[in-house]
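Subject: Structure handover

Hi,

Here is the structure I promised you. Have it open while you read, and my notes follow below.

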Amino acid sequence: GINAEYGGEKPEIIWIPCCKAFLVNWFVWSSKQQAKTLHKGNVDLQKISPPEEDEFENLTTRQFTLLFNGYLLTRQEFLFQMIATYSRSALVQGTVIIWSNLEPPTVNFTLATKKPVTIVDKPTSSLNNRFDYPVPELRTRALLVIDDDIEISLSEMEFAFKVWQEFPDRIVGMFPRYHRWSEKTRSWKYTNDRRIYSMILTKFMFLDVKYLKLYTHGIDQRVRDYVNRENNCEDIAMNFVVAEATRKGPILIDGMPKDWGDKRSTKSEFTKDAIGSKKGHKDHRSECLDYFATVWGYMPLVGSIWKVSADVGEFVLCKTESGWVECGVLTKSNQLDDDKDRIVF
C-alpha cells in the first residue's frame with residue numbers, strides 16, 4: 001500500500017468547518033533523516049525560526065492581498081484584467097505589484113479597481129523581489145502570490161483562501177511538484193508525481209507574510225544569490241523555508257486554473273517568455289533542489305498525498321443492465337428502486 005511504499009504515518013482525519021468536508025491528511029514521507037546523512041556537515045546554516053507574531057498582529061486574516069510579480073510589458077493588459085476581475089471578490093483587500101522591469105509600466109493599474117493598488121518599483125529583475133519584506137501598504141496576513149499568466153475563477157480563489165484560513169501556517173495552492181531521491185545519480189530530482197507532492201508553485205500560492213520575512217532575512221544569503229544567478233527556483237526556496245519552519249507539507253487545492261504560460265498552451269505570446277517553457281527547465285530545477293539541500297544541510301521538504309475539494313457531493317454507483325454507472329447521471333427510465341443495489345463510497 002501507500003504506507004509501505006512511502007513509509008507514511010497513520011492517516012489523520014481532519015474536519016474543516018468552513019469547507020464542511022472531511023479530509024484525509026497523510027504526511028507520507030519526509031526525507032529529512034536520509035538527507036541529513038547525505039549532506040551532513042556541508043554547511044552551518046543559520047537556524048530558521050518564525051518571527052515574532054507581535055509584528056503582524058494588526059494585520060487582518062479575514063481578507064488577503066493579491067501579490068503579482070510584474071515584468072513583461074506585453075502582459076500588462078492581461079494583468080490589468082486580472083486585477084479588475086479578482087478585486088471583485090469581497091475577500092480581496094488590495095493588490096501589490098512588484099514591478100521588476102527598469103522600464104516603467106505603460107498601463108495605469110490603479111484604474112482596474114477602486115481597491116488599493118500599490119506598485120513597488122525594483123531596481124533589478126531578480127526573482128527574489130517577489131518575496132522581499134517588508135511589503136508596502138500591507139493590511140493582511142495572507143498573500144496570494146500569483147503569476148501574471150494564471151486565470152482562475154473567483155469561487156476557486158475564495159475557496160483556496162478559506163482553506164488557508166484553517167491552515168495559516170501552510171502554503172496552500174494549486175500547482176504541485178515533488179522532490180525524489182535518485183539512487184542512480186545520487187541526487188534530488190524535480191518531478192510532477194500524481195501520487196504525492198511536497199511543493200506548491202508560485203503560479204498560485206497562499207501563504208503568511210511572515211514567511212517573506214524569513215525568506216528575506218532568515219536564510220543563508222547563498223540561497224538568494226543562487227536565485228539571482230540562475231534566475232529560477234525562488235518558489236522552491238520558499239517551500240524550503242516554510243517546511244523548515246513548520247515541519248509540515250503544503251496543501252493542494254482541487255481546481256481548474258488556466259495557465260497561459262504553459263508550453264502546451266496555444267497562446268504563443270505568453271509561452272515564449274515563460275521560464276518553464278525553456279529547454280532543460282526540469283533539469284535546472286533538479287539542480288536547484290540539490291544545491292538548496294546542500295546549503296540547508298538536509299532536505300526539509302515534506303510529502304503529502306491529500307487534496308482539498310470544494311465538491312462534497314456523494315458519489316454513488318448504481319447497477320444497471322449495462323453495468324455500474326454514477327447514479328446522478330441516470331435517467332428516469334433506468335433509475336433503481338432497490339437500495340441494495342447502491343454502493344456509497
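Let's start with the big picture: 8 strands make an open sheet with mixed pairing, in the order β6-β5-β4-β7-β13-β9-β14-β17. At its edges sit β6 (117–121) and β17 (307–308), each pairing on one side only. A word on terms: helices (H or I, at least four residues) and strands (E, at least two) are DSSP runs, numbered from the N terminus, and two strands pair if DSSP finds at least two bridges between them. In case it's new to you, strands of a sheet pair through backbone hydrogen bonds, either parallel or antiparallel.

Before going on, please note that this is a predicted model: local features need pLDDT of at least 70, side-chain atom pairs count only at pLDDT 80 or more, and totals for chains, interfaces and linings use all residues. Residues are numbered from 1 along each chain as its sequence is written, and side-chain values use heavy atoms, with hydrogens and water left out.

Back to the sheet. Strand β4 (residues 60–70) runs parallel to strand β7 (residues 140–146), and the two pair over 6 bridges. Look for Leu 67, which stands opposite Val 145 in β7.

Which helices lie across these strands? Helix α5 (residues 210–217) lies across β4, β7 and β13, at about 90° to β13. Contact here means heavy atoms within 4.5 Å; axes are lines fitted to C-alpha atoms, for helices over the stretch in contact, and angles run from 0 to 180 degrees between N-to-C directions.

There is also an open sheet of 3 strands, antiparallel, in the order β11-β10-β12. Its edge strands are β11 (187–191) and β12 (199–200), each pairing on one side only. Strand β10 (residues 176–182) and β11 pair over 5 bridges, and His 179 stands opposite Tyr 190 in β11. Helix α9 packs on this sheet, touching β10, β11 and β12, and its direction makes about 135° with that of β11.

Now the disulfides (pairs of cysteine sulfur atoms within 2.5 Å): the structure holds 2. One of them joins Cys 233 and Cys 288, with sulfur atoms 1.9 Å apart. The torsion about its S-S bond is about 75°, so this disulfide is right-handed. Cys 233 lies in the loop between α6 (221–230) and α7 (234–246) and Cys 288 in helix α9 (residues 281–296), so the pair ties together parts that are 55 residues apart in sequence.
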